[in-house]
Amino acid sequence: VLGASVDVNMDSVTEFLKLLFLLSVHNGHTAVAGNKYNCDEQLVSALPQSSFSSSSELSSSHSPGFARLNRREGAGGWSPLVSNKYQWLQIDLGERTEITAVATQGGYGSSDWVTSYLLMFSDSGQNWKQYRQEESIWAFSGNTNADSVVYYKLQHSIKARFLRFVPLDWNPNGRIGMRIEVYGCTYRSEVVGFDGKSCLIYTFNQKLMSALKDVISLKFKTMQSDGILLHREGQNGDHITLELIKGKLSLLINLGDTKTHPSNAQINIALGSLLDDQHWHSVLIEHFNNQVNFTVDKHTHHFHAKGEFNYLDLEYELSFGGIPVPGKSGTLSRRNFHGCFENIYYNGVNIIDLARRH
């Protein structure tokens, strides 16, 4: 990933975008992000031998480099030294990739195949996460013979560089044996890094503003349990703030003038837990009229704002990573975010791309 530090003098800032303090902007790959219409390329077949690794190997002819789907080299697939539930087969895709499907076979012409397995993924190859489906760890059904291919389209695509297959069960009359393929496409990743002392401000044209619809989406990862992700303030103390508090995300909608509308003057909704685990987490805030959908990863909270949004007097400005003027919202922790944001979009506008182009 290429990195470029951006330090902008406030006098030279355009009317649409201002950068405060120091931001590190990383420009990723140019392929279209999440191109669902053509994101099914074979990813494993062209990888070099060095991209394959495993917990162990039965012999040099059973090494992980022989674990390519439909190939017959070596002993015809990967087999570990001992068949137990502590074995794994790992591939390094070389860059962060969107993975949409997987396929498995047993060892060619053998009695060695895996009947169920777990799928794990990682950006670093050290910090692993298990693929989950329907809110539970998902065990994939594997093979029933050596040569038939079992293909699975993932319900939720994975964005990762490393993928690990962990056998759970195998043919009782043989041993663990695997050949694999992974399908997907290059993932466009535009990342901005915050050092806990910086924030990014986006000022948008009032004429382009829709009073009926607002959609904000981003991904973040951090090792800090507290920090401001998003803030938008009005003239009368009204504000909308998205804040990480003790590893949970809190969406606070505050109406500054409680005399005008004393009931429901503040909405505070918390979602997620342990979000400071250095994994990517996705956030989506959708506001249609006074209906709000707040989504963290795959968990969504729907609520009706009961007209409060009609009263919100907000500036045409969003800040990411912190509150630009300390003390404007005195009830907040005011701790700036320390970590990374990825693919920030506001109503379809690519905020990081604007920052990168000043």
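User: Why is Tyr183 called buried?

Analyst: Tyr183 has a relative accessibility of 11%. Buried means under 20% relative accessible area, exposed means over 50%, and partly exposed is in between (1.4 Å probe, protein chains only). So 11% puts Tyr183 in the buried class. Keep in mind that this is a predicted model: local features need pLDDT of at least 70, side-chain atom pairs count only at pLDDT 80 or more, and totals for chains, interfaces and linings use all residues. Residues are numbered from 1 along each chain as its sequence is written, and side-chain values use heavy atoms, with hydrogens and water left out.

User: What class does Tyr151 fall into?

Analyst: Tyr151 comes out at 42% relative accessibility, so it counts as partly exposed.

User: How many aromatic pairs does the search find?

Analyst: Ten, over the whole structure. Tyr151 and Tyr183 make up one of them, with 5.3 Å centre to centre and 65 degrees between the planes.

User: What makes that pair edge-to-face?

Analyst: Rings of Phe, Tyr and Trp (its six-membered ring) pair if their centres lie within 6.5 Å; planes under 30 degrees apart are stacked, over 60 edge-to-face, and the rest tilted. The 5.3 Å is within the limit and the 65 degrees is over 60, so Tyr151 and Tyr183 are an edge-to-face pair. Tyr151 sits in strand E12 and Tyr183 in strand E13 (residues 179–186), so the pair ties together parts 32 residues apart in sequence. Strands here (E, at least two residues) and helices (H or I, at least four) are DSSP runs, numbered from the N terminus.

User: Which rings are linked into a cluster?

Analyst: Ring pairs connect Tyr117, Tyr131, Phe140, Tyr152 and Phe165.

User: Why is Arg161 with Asp92 called a salt bridge?

Analyst: A salt bridge needs a side-chain nitrogen of Lys or Arg within 4 Å of a carboxyl oxygen of Asp or Glu. The closest N and O atoms of Arg161 and Asp92 are 2.7 Å apart, so the pair passes. Arg161 belongs to strand E12 (residues 150–170) and Asp92 to strand E6 (residues 89–105), so the bridge ties together parts 69 residues apart in sequence. Arg161 is partly exposed at 30%, whereas Asp92 is buried at 16%. By this rule the count comes to eleven salt bridges.

User: What makes Asp353 and Arg356 qualify as a salt bridge?

Analyst: Their N to O distance is 2.4 Å, which is within 4 Å, so they count. Asp353 and Arg356 are three residues apart in helix H2 (residues 351–356), about one helical turn. Asp353 is buried at 14%, and Arg356 is partly exposed at 28%. Glu190 and Arg357 join these two in a network of salt bridges.

User: How do you know that Arg71 and Glu73 belong on the list?

Analyst: Their side chains meet at 3.1 Å, N to O, so they are inside the 4 Å limit. Arg71 is partly exposed at 31%, and so is Glu73 at 38%.

User: What is in the largest nonpolar core?

Analyst: A nonpolar core is a set of buried Ala, Val, Leu, Ile, Met, Phe, Trp, Tyr and Cys residues joined through side-chain atoms within 4.5 Å. The largest has 35 residues, and those touching the most other members are Phe220, Leu229, Leu242, Leu249, Phe294, Phe320 and Phe341. A second, separate core has 26 residues, including Phe52, Trp78, Leu93 and Leu163.

User: What makes E22 and E23 a strand pair?

Analyst: Two strands pair if DSSP finds at least two bridges between them. Strand E22 (residues 291–296) and strand E23 (residues 299–304) have six, in the antiparallel sense, so they qualify.
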